[in-house]
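Dear colleague,

Please find below the structure that I am handing over to you. I would be grateful if you could look it over alongside the notes that come after it.

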Amino acid sequence: MESGSVLETIGQEIIGVMAPVSVCMLLVVLLVYTVYNPSSAAASATTIRTAANLVYMESPTDSTVQKLEGAILNAVVFVVIITLVTFLLVLLYYYRFNNFLIYYTRFSVFMIFSAMGSSILISIVQRFNIPIDAATFYILLFNFTILGTISVFSDGIPIIVKQSTMVVLGIIVAAWFSRLPEWTTWIVLVALALYDLAAVLAPGGPLKLLVELASTRDEELPALVYECRPNVGRNSGARVSNSGFFVAAGVGMSSDSHNGSVELQDLLRNGDRGTAMEILQGEDLVIPIDEDDRTSGGEIEEVREEAGEMVPLMGDGDSIERGSGNSGRVDNSRLSRRSEREGIEMEDFNPRGIKLGMGDFIFYSVLVGRAAMYDLMTVYACYLAIISGLGCTLILLAVCRQALPALPISITLGVIFYFLTRLFMEPFVVGASTNLMMF
């Protein structure tokens with residue numbers, strides 16, 4: 001792969017991740033600003049009890065010390081619950097309870113769309129006084145829930161529909177968590193950033209174990225993740241077939257290579273090895289091997305090696321041992337030398353693109369949603385901080401080439417920018433505008 005195409009691909013993948021994150025945050029801000037802001041009719045019902053505030057329920061009459069202590073206690077309990085659940089999922093995945101994990105994830109998505117989604121839809125209906133009867137509402141909710149769940153898990157759904165449904169899923173959960181008390185929200189976000197850092201990078205961390213286990217088994221992660229692009233086609237990118245055969249980009253089986261291989265086999269049958277060698281020196285062909293023509297395949301390999309090249313033989317996964325008609329496995333060491341000579345490494349190709357956990361979508365949006373309850377200026381600052389942190393994370397991902405936590409940098413910058421904007425920038429801008437020093 002050329003350097004120009006590498007840079008272009010990285011840029012496309014970064015945009016493919018940042019665009020849905022931005023859409024998710026924007027819609028959460030609009031939802032929170034219009035439905036859950038203090039001046040709305042639903043303000044009295046904005047505070048909810050979840051796993052993030054099981055121990056302490058914040059009250060406006062509590063002192064600052066009480067709010068801080070209660071928020072820290074809520075965050076500790078929430079992180080402990082998440083840690084235990086994650087280790088349980090790792091244990092189930094290790095013992096291959098894959099069907100249970102699949103059904104559990106489907107049930108969770110179904111409950112998010114039905115329970116949380118219905119709560120948000122009811123708030124919207126009440127906020128804007130939308131005339132709708134109960135029967136119509138529940139019919140629409142039922143269709144929304146079923147179609148949303150199918151879109152997340154079905155392989156036959158277009159990728160844009162699946163990606164859009166994942167964004168809607170993140171919006172629902174983020175809008176729900178944005179109704180947490182203010183102190184609990186900020187402390188929980190900081191605690192989750194620290195947990196994400198330890199869970200992904202620390203030895204024995206649950207997310208690190210899960211990623212390594214899935215990588216060892218060459219399976220998809222048993223989790224809800226957003227993929228910035230679909231699988232590549234059969235003739236693009238790089239892949240490893242079931243026989244351990246390496247096919248590089250642009251060297252797939254095409255009509256030209258097939259015609260060239262037939263011509264080479266005809267030349268060898270006629271004894272014209274010199275012309276065959278000249279062709280092989282100027283071509284990079286993938287040669288198919290017929291079941292009844294093993295000898296000519298072996299002669300082609302001999303000529304390729306004499307010409308200083310290595311020809312891959314595509315058939316039923318077998319290749320021809322040099323100078324004999326017996327079949328055997330492809331020499332992986334020679335294939336590795338060929339891939340190194342072409343400057344291609346399998347790690348350079350990621351046919352499924354960058355993956356971002358839905359938790360990252362959710363808690364990015366929770367941060368800007370909480371900022372939207374105060375002022376739009378803090379929303380702008382938090383958005384820029386989160387996007388900057390996500391960009392830094394993606395750059396580190398390209399450098400480190402391993403799974404990295406996406407919350408720490410973005411959440412840290414977002415929290416810092418929120419309080420700096422609220423405590424310093426917002427009073428300065430308002431004061432300057434009030435005194436006609438700034439418009």
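Predicted model: local features only at pLDDT ≥ 70, side-chain atom pairs only at ≥ 80, totals over all residues.

I begin with Gly170, which lies in helix H5, the stretch covering residues 159-177. Its relative accessibility is 0%, under the 20% cut-off, and Gly170 therefore counts as buried. Beyond the neighbours within four places in sequence, Gly170 is in contact with Cys24, Met358 and Ile362. Gly359 is 189 residues away from Gly170 in sequence, yet the two C-alpha atoms are 7.9 Å apart in space.

Next come the two packed helices. Helix H2 (residues 64-94) packs against helix H6 (residues 182-201) at an angle of about 40 degrees, and their axes are 8 Å apart. On the H2 side the contact includes Leu68, Ile72, Phe78 and Ile82, while the H6 residues include Trp183, Ile187, Leu192 and Tyr195. Sorted by class, the contact between H2 and H6 comprises 13 nonpolar, five polar and one charged residues.

Finally, the cysteines. The count of disulfides is zero. Cys24, one of the contacts of Gly170, has a relative accessibility of 0% and so counts as buried. Cys392, by contrast, is partly exposed, with a relative accessible area of 37%.

With kind regards

Terms used
Residues numbered from 1 in each chain as written. Heavy atoms only, no water. Helix = DSSP H or I, 4+ residues; strand = E, 2+ residues; numbered from the N terminus. Buried < 20%, exposed > 50% of the residue type's maximum accessible area, 1.4 Å probe, protein only. Contact = heavy atoms within 4.5 Å. Axes fitted to C-alpha atoms, helices over the stretch in contact; angles between N-to-C directions. Nonpolar A, V, L, I, M, F, W, Y, C, P; charged D, E, K, R; others polar. Disulfide = S-S within 2.5 Å.
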